[in-house]
Amino acid sequence: MTSGQRREQLINVSRRLFADNGMAGTSVEEIAATAGVSKPVIYEHFGSKDGLYAVVVDREVRHLQDSLNIAMTQPRQGPKRTLESAVLALLDYIDDRPDGFRIISRDSSVGSTTGSYASILSDVASWAEGILAENFNHHGFDASYSYLYAQALTGMVGMAGQAWLDTRQPAKEVVAAHLVDLAFNGLARLSESPRLSRRTEHDNPHPSSS
């Protein structure tokens, strides 16, 4: 192999092992044995296991970010079509690169504030917030809540994507259609000033003391 080919082989081998066993559960010895090379070859290309892991994560993050950016910046798309494109871009990535998705999402749940997947979802939420704020203003709603709705929509899609990875059922187009339908039917019926249903004293888990 050329140096470039060997580097790609090591990235591919380690991505599969990192996905299966996690970074801590994968040793340099295991990567070398699976790739059919000696440990010094890995150090020569990446310096350390941490260096190799960083390359794998960075490549996967950029791949997903590029796919989402393309989906969300297509010209002449309304908000609904753009959301459809973004959801499908995420599901396409999960379907095509499950090992990569397992790696970037393993230590970065939807609700966390750090990690590769959380960072990507944060970027998507920022984009969604701008779209929602524009629509809220247009309909006379309080646009200061657009951040909350953007986080909710992004979290919904992110959690659904992680759950779908395990079964790949139903088809990703069906999943995308349901998610977009839920989002847009919900947004179409927003209340200008939503309120919780009145709770009785019996319902209150922390009644005031007399």
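Biologist: Where does Pro 170 lie?
Modeller: Pro 170 sits in the loop between H8 and H9. Keep in mind that this is a predicted model.

Biologist: OK, and what is the peptide bond from Gln 169 to Pro 170, cis or trans?
Modeller: That bond is cis, and its omega is near -5 degrees. Most peptide bonds are trans.

Biologist: What about Arg 168, where is its place?
Modeller: Arg 168 is also placed in the loop between H8 and H9. Its phi is near 55 degrees, which is a positive value in a residue other than glycine. In general, most residues other than glycine have a negative phi.

Biologist: Switching topic: which domains does the assignment give for the protein chain?
Modeller: You get domain 1, covering 1-47, and domain 2, covering 59-188. Their C-alpha centres are 32 Å apart. As for the contact, eight residues of domain 1 and eight residues of domain 2 take part in it.

Biologist: How much area do domain 1 and domain 2 bury between them?
Modeller: About 610 Å², with 50% of that on carbon and sulfur atoms. The size of an interface is often given this way, as the accessible area lost when the parts come together.

Biologist: And how many salt bridges are there between domain 1 and domain 2?
Modeller: The count there is two. Over the structure there are 10 salt bridges.

Biologist: Which residue forms a salt bridge with Arg 15?
Modeller: That's Glu 60, and the closest N and O atoms of the pair are 3.6 Å apart. There's also a salt bridge where the side chains of Glu 8 and Arg 59 meet, at 2.7 Å from N to O.

Biologist: What does the pair of Glu 8 and Arg 59 tie together?
Modeller: Glu 8 is in helix H1 (residues 3-21) and Arg 59 is in helix H4 (residues 49-72), so the pair links parts that are 51 residues apart in sequence.

Biologist: By class, what does the lining of the largest pocket have?
Modeller: There are 21 nonpolar residues and four polar ones, with no charged residues.

How values were computed:
Residues numbered from 1 in each chain as written. Predicted model: local features only at pLDDT ≥ 70, side-chain atom pairs only at ≥ 80, totals over all residues. Heavy atoms only, no water. Nonpolar A, V, L, I, M, F, W, Y, C, P; charged D, E, K, R; others polar. Domains from an automatic or database assignment. Contact = heavy atoms within 4.5 Å. Buried area = accessible area lost by both parts, 1.4 Å probe. Salt bridge = Lys/Arg side-chain N within 4 Å of Asp/Glu carboxyl O. Helix = DSSP H or I, 4+ residues; strand = E, 2+ residues; numbered from the N terminus.
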